[in-house]
Amino acid sequence: MKKRKLGTCGLETSPVGLGCMGMSAVYGAPASRKEMISLIHQAIEWGVNFFDTAELYGPFTNEELLGEALSPYRDQVVIATKFGFQIDKKKQPGHYQLNSHPAHIKQVAEACLKRLKTDQIDLFYQHRVDPNIPIEDVAGAVKELIQEGKVKYFGLSEADEDAIRRAHAVHPVTALQSEYSLWWREPETGILPLVEELGIGFVPYSPLGRGFLTGRIGEDTTLDAADMRNNLPRFKAEVRKANLIFVNAIQKIADRKNTTLGQIAIAWLLAQKPWIVPIPGTRKTERLKENIGASMVELTPDDMDELNTISAEMRIEGDRY
């Protein structure tokens, strides 16, 4: 696959990355470690070089998984991970406190390096902005890690426009990771113009709407009891029924182009800007192949107009969180 430049700081990645969170957490019981390592190796063979994780995923176990899987290919891949929480394994993941104190950031970096079996983190995101710590202090701490050679690029996740500008003034932000898809287009109102102005790459997570934009989740689909989507408003049964109207409208375009609904959703993101790199996650080889194949789907201006019209005119029911 032809690589994309993720912003103007020099980072290049495959056009589609691999979000690895779901391998270890959130969508039910963790997947087989052996099978996930095999899946990651298959992704590399098919041209993926951008892998996303975080200390929070597991917690810690997802970084350990990637450390084992990617160590034989370390010079071929880009590893992104995240800091920003005070993790107490006695608590549920949704109840961890934010902690982006500079001293804590440096402690997390050291721990991440060990778990990832590497001497440098390619892209180190602040997972969520900490209102108790000035963003300038956060950027300054990561800048020091970059100067020490422990981190290569600085990133933010779900940050607002003010935080992005202030952080970028201290040290260039290479990439912003936030949710963005055909059914969550809020970043278009202010965030995307800002990152384009500043030369920051954009990494959409949940590009498939946590699976809903694949068309494989219906009104009566039963999710694993431990699946986080059970607690999300957009995945309540009555809401799913309403939102399937949106999915069915996009499916017609996929059918016409002889591709899948999921590939249309990813291709739509890729067509927005050349510095956008989505990171769909999966545990299945066939879905991995499908997601990668989205980079080969060409959407015409008429296709884009039709998709944008569907997305703009059809109301999506339920909040994302």
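Does Asp-303 count as buried or exposed, and at what relative accessibility? In this predicted model, Asp-303 counts as buried, because its relative accessibility is 5% and the cut-off for burial is under 20%.

Side chains of opposite charge can pair when their charged atoms come close. The structure holds 22 salt bridges, and one of them joins Asp-303 to Lys-257, with 2.8 Å between the closest N and O atoms. The two partners come from distant parts of the chain, 46 residues apart: Asp-303 belongs to helix 11 (residues 301–313), while Lys-257 sits in the loop between helix 8 (237–256) and helix 9 (261–272).

A second salt bridge is found within a single helix. Glu-290 and Arg-287 meet through their side chains, at 2.9 Å from N to O. Both lie in helix 10 (residues 285–293), and because they are 3 residues apart, about one helical turn separates them. Glu-290 is buried, with 8% relative accessibility, whereas Arg-287 is partly exposed at 24%.

Arg-315 and Glu-317 form another salt bridge, their closest N and O atoms lying 3.7 Å apart. Here Arg-315 is exposed, at 67% relative accessibility, and Glu-317 is partly exposed, at 29%. Salt bridges can also join into a network, as they do for Glu-158, Glu-179, Arg-210 and Arg-320.

Attention now turns to the aromatic rings, where 6 pairs are counted. In one of them, the ring centres of Tyr-180 and Trp-268 are 5.5 Å apart and the planes meet at 55°, so the pair is tilted. Tyr-180 lies in the loop between strand 10 (175–179) and helix 7 (191–198), and Trp-268 in helix 9, so their pairing ties together parts 88 residues apart in sequence. Both residues, Tyr-180 and Trp-268, are buried. Together with Phe-202, they form one aromatic cluster.

Trp-183 and Phe-212 give a stacked pair, because their planes are at 0°, with ring centres 5.0 Å apart. Trp-183 is in the loop between strand 10 and helix 7, and Phe-212 is in the loop between strand 11 (201–205) and helix 8, so this pair connects parts 29 residues apart in sequence. Trp-183 is buried, with a relative accessible area of 5%, and Phe-212 is buried as well, at 0%.

Note on methods
Residues numbered from 1 in each chain as written. Predicted model: local features only at pLDDT ≥ 70, side-chain atom pairs only at ≥ 80, totals over all residues. Heavy atoms only, no water. Salt bridge = Lys/Arg side-chain N within 4 Å of Asp/Glu carboxyl O. Helix = DSSP H or I, 4+ residues; strand = E, 2+ residues; numbered from the N terminus. Buried < 20%, exposed > 50% of the residue type's maximum accessible area, 1.4 Å probe, protein only. Phe/Tyr/Trp six-rings, centres within 6.5 Å; stacked < 30°, edge-to-face > 60°.
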